[in-house]
Amino acid sequence: MLAAMWFWTGVAYHWLYFSQINQAALVFGALIVAQAALLAYVGIRKQLRFGRDFEPAVGVGIAFVGYAIVLYPLIGIWTGHAYPRMPAFGVMPCPVTIFTFGLLLLAKQPLPRPLLAIPLTWSLIGGSAAFLLGVPQDWLLLASGVIAVPLIILGGRRHSHAQISGKPV
């Protein structure tokens, strides 16, 4: 399902809609479709599994998922974006990226590291644009990558260290 959201935002949002405004959307769309393919690949190969002991990363993951699904649209409505013109979860790259980081924080380690590159890139590009364009529901986008990626990498290192030392993971 996550791969389908990334595919949709690459094709429908970037290629069909946003490329009319900014030609860079063609490149962004290609990267986002590549992320969809990567997610589908690791999903089919069962390299992305969920379930962890409760730790700070899990709490942040739950917060990101809740924000993307519930708070993101509410902030949009509060700031004057009316349905159907408001940025929406599942069809726009910004809430899908926040949601993705939430799910990746909830995934079992080790996590395939290439899954982080495109969401991190989009969080930096889209997040900085959110400040420039005054889209408050996207402000968390910039922080999501900066927060999630180190937590995921540190969790993977703890997992690798525990496997080497023979401790249960």
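Of the 169 residues in this chain, 44% count as buried, where buried means under 20% relative accessible area, exposed means over 50%, and partly exposed covers what lies in between (1.4 Å probe, protein chains only). This is a predicted model, in which local features need pLDDT of at least 70, side-chain atom pairs count only at pLDDT 80 or more, and totals for chains, interfaces and linings use all residues. Residues are numbered from 1 along each chain as its sequence is written, and side-chain values use heavy atoms, with hydrogens and water left out.

How far can you trust the picture? The pLDDT, which is the predictor's confidence in each residue on a scale from 0 to 100, averages 86 over the chain, and 89% of the residues score at least 70. Residues 161-165 are another matter: there the pLDDT is below 50, and the stretch has 4 contacts in the model beyond near neighbours in sequence. Contact here means heavy atoms within 4.5 Å. Where pLDDT is low, the predicted coordinates should not be read in detail.

Now for the overall layout. You'll find 6 helices and 0 strands, so the elements run α-α-α-α-α-α from the N terminus on; helices (H or I, at least four residues) and strands (E, at least two) are DSSP runs, numbered from the N terminus. Among contacts between residues at least 6 apart in sequence, 70% join residues at least 24 apart. The accessible surface comes to about 9000 Å², of which 72% belongs to carbon and sulfur atoms; accessible areas come from the Shrake-Rupley method with a 1.4 Å probe, and for residues only the protein chains shown count as cover.

Let's go inside. In soluble globular proteins, nonpolar side chains tend to be buried together. A nonpolar core is a set of buried Ala, Val, Leu, Ile, Met, Phe, Trp, Tyr and Cys residues joined through side-chain atoms within 4.5 Å. The largest one here has 36 residues, and W6, L48 and L111 touch the most other members. Helices α1 (2-17), α2 (24-44), α3, α4 (93-106), α5 (114-133) and α6 (139-165) each supply at least two residues of this core, with the largest share, 9 residues, coming from α4. Leaving out residues up to four places away in sequence, L111 touches L48, L104, L116 and I152.

An α-helix has 3.6 residues a turn, so residues three or four places apart point the same way.

Next, follow a few serines. S144 sits in helix α6 and is buried, at 0% relative accessibility. Beyond residues up to four places away in sequence, S144 touches F64, I98, F101 and S123. That brings us to S123, in helix α5, which is also buried, with a relative accessible area of 0%. Setting aside neighbours within four places, S123 is in contact with T97, F101, S128, L141, L142, S144 and G145. Further along α5 comes S128, which is partly exposed at 33% relative accessible area. With neighbours within four places left aside, S128 is in contact with S123 and L142.

On the surface, I69, V70, L71, L74 and I77 form a nonpolar patch, with about 440 Å² of accessible area together. Patches are made of residues with over 30% relative accessible area and no salt bridge, joining like charges within 9 Å and nonpolar side chains (Val, Leu, Ile, Met, Phe, Trp, Tyr) within 5 Å; a salt bridge is a side-chain nitrogen of Lys or Arg within 4 Å of a carboxyl oxygen of Asp or Glu. I69 belongs to helix α3 (residues 56-78) and is partly exposed, with a relative accessible area of 40%. A88 and I69 are 19 residues apart in sequence and 8.8 Å apart in space, C-alpha to C-alpha. A88 lies in the loop between α3 and α4 and is partly exposed at 23% relative accessibility.

Two other loops deserve a stop. Between α2 and α3 lies K46, whose phi is near 60°, a positive value in a residue other than glycine. K46 counts as exposed, at 61% relative accessibility. P110 lies in the loop between α4 and α5, and the peptide bond from Q109 to P110 is cis, with omega near 0°.
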